[in-house]
Amino acid sequence: MDIERLRTIVGTVDCEENFSFAKHTTYGCGGTAAKAYFPKNIRQAVCVYKYLKASGEKFVTLGNGSNVLASDKPFDGSVICTRKMKGMYLTGEDTAFCLAGTNVGEMLKFCVDNSLSGLEYLAGIPATCGGLAFMNGGAAGRYVCGEIIKVKFFDGKLRDISNKSCNFGNKYSIMRDINGLILGAEFKLKPQDKETVRKNIQTRLKGRNALPKGKSCGCVFKNPDGVSAGKIIDDAGLKGLSRGGAFVSGEHGNFIMNTGNSSSDVYALIKEVKRKVFETDGINLEEEVIYIGDF
């Protein structure tokens, strides 16, 4: 498809100029991008991707913005925001396909409505299906790699990446290393009565009540070799450490909270925590937060 035809199709896609990362990320800070596209389906998403690639324009993909930190500086490209790509449908008695922008709450509602269990541990996570697949997201010792059958992906070619080929690891998937676009994922679930699924969800939500409230990306660092990064940070005496409007939560050492407007403060504190933990314990903490732009 030539670029003029792509331009015509892309012209029908919802678009926002002067896109604010501060308004579209859970950290509530960051600069702007000149333009953001909000495709509503796979065809629109593929066309936007093709158009930006053909134009030679830099771009970044964003879902719910819950595990990213965007630079205060203007981003020199566009954003493909998948949060309007919503929907989930059965592909079998106990399997379902979910579009990338469907958030956890919507996924779980579908599971309740269709008497399916297996994803309740995700309750309360402010993420979309695409972000979960990208990061191998999870909670309570479980990760979506346990339920994902395959991921629908586009990087110039539309393809299904099998669970095995995703190379899932500790907050990792092969998609992190490919400049492409997650369009959705198929999940293997378990038949279960609605009331049990609801109770499982409520139990998980209650278990998250103790987590810090406020602007954050959730856990900043991966747990090294099964050891709690939060405990490592706590044992290093870093709770309460601050830089400008950012501080290490006193409730959970792996949460860096933001009360200001500067991504630079958050970034500086993340690096300071890494440095101090390495000096104290010789442990090199690895971020799970994803950076957008130049810091």
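Contact here means heavy atoms within 4.5 Å. The views below show a predicted model.

**View 1. The ends of helix α4.** Helix α4 spans residues 104-113. Asparagine 103 caps its N-terminal end, with a side-chain oxygen placed 3.1 Å from the backbone nitrogen of glycine 105. Serine 115 follows α4 and has a positive phi, near 55°.

**View 2. The buried side of helix α4 and its packing partners.** Val104, Met107, Leu108, Phe110, Cys111 and Val112 are the buried residues of α4.

**View 3. Helix α4 against helix α6.** The axes of α4 (residues 104-113) and α6 (residues 194-207) come within 8 Å of each other and cross at roughly 155°. Because angles over 145 degrees count as roughly antiparallel, α4 is roughly antiparallel to α6. On the α4 side, the contact is made by Leu108, Val112 and Asp113. On the α6 side, Lys194, Val197, Arg198 and Ile201 make the contact. Sorted by class, the residues in this contact are 4 nonpolar and 3 charged, with no polar residue.

View 4. The structure holds 0 disulfides. Cysteine 111 is in no disulfide, and the nearest cysteine sulfur, that of cysteine 98, is 8.6 Å away. Cysteine 111 has a relative accessible area of 1% and is therefore buried. Cysteine 129 is likewise in no disulfide; its nearest cysteine sulfur, that of cysteine 98, lies 3.9 Å away. A disulfide would need the two sulfur atoms within 2.5 Å. Cysteine 129 is also buried, with a relative accessible area of 1%.

**View 5. Serine 78 and its surroundings.** Serine 78 lies in strand β5, which covers residues 75-81. Its relative accessibility is 1%, so serine 78 counts as buried. The side chain of serine 78 makes a polar contact with the side chain of glutamate 57, at 2.3 Å. Leaving aside residues up to four places away in sequence, serine 78 touches Lys35, Tyr37, Leu52, Glu57, Lys58, Phe59 and Val60.

Key:
Residues numbered from 1 in each chain as written. Predicted model: local features only at pLDDT ≥ 70, side-chain atom pairs only at ≥ 80, totals over all residues. Heavy atoms only, no water. Axes fitted to C-alpha atoms, helices over the stretch in contact; angles between N-to-C directions. Helix = DSSP H or I, 4+ residues; strand = E, 2+ residues; numbered from the N terminus. Parallel < 35°, antiparallel > 145°, perpendicular 65-115°, else oblique. Nonpolar A, V, L, I, M, F, W, Y, C, P; charged D, E, K, R; others polar. Buried < 20%, exposed > 50% of the residue type's maximum accessible area, 1.4 Å probe, protein only. Polar contact = N/O pair within 3.5 Å; in protein donor to acceptor, adjacent residues only side chain to side chain.
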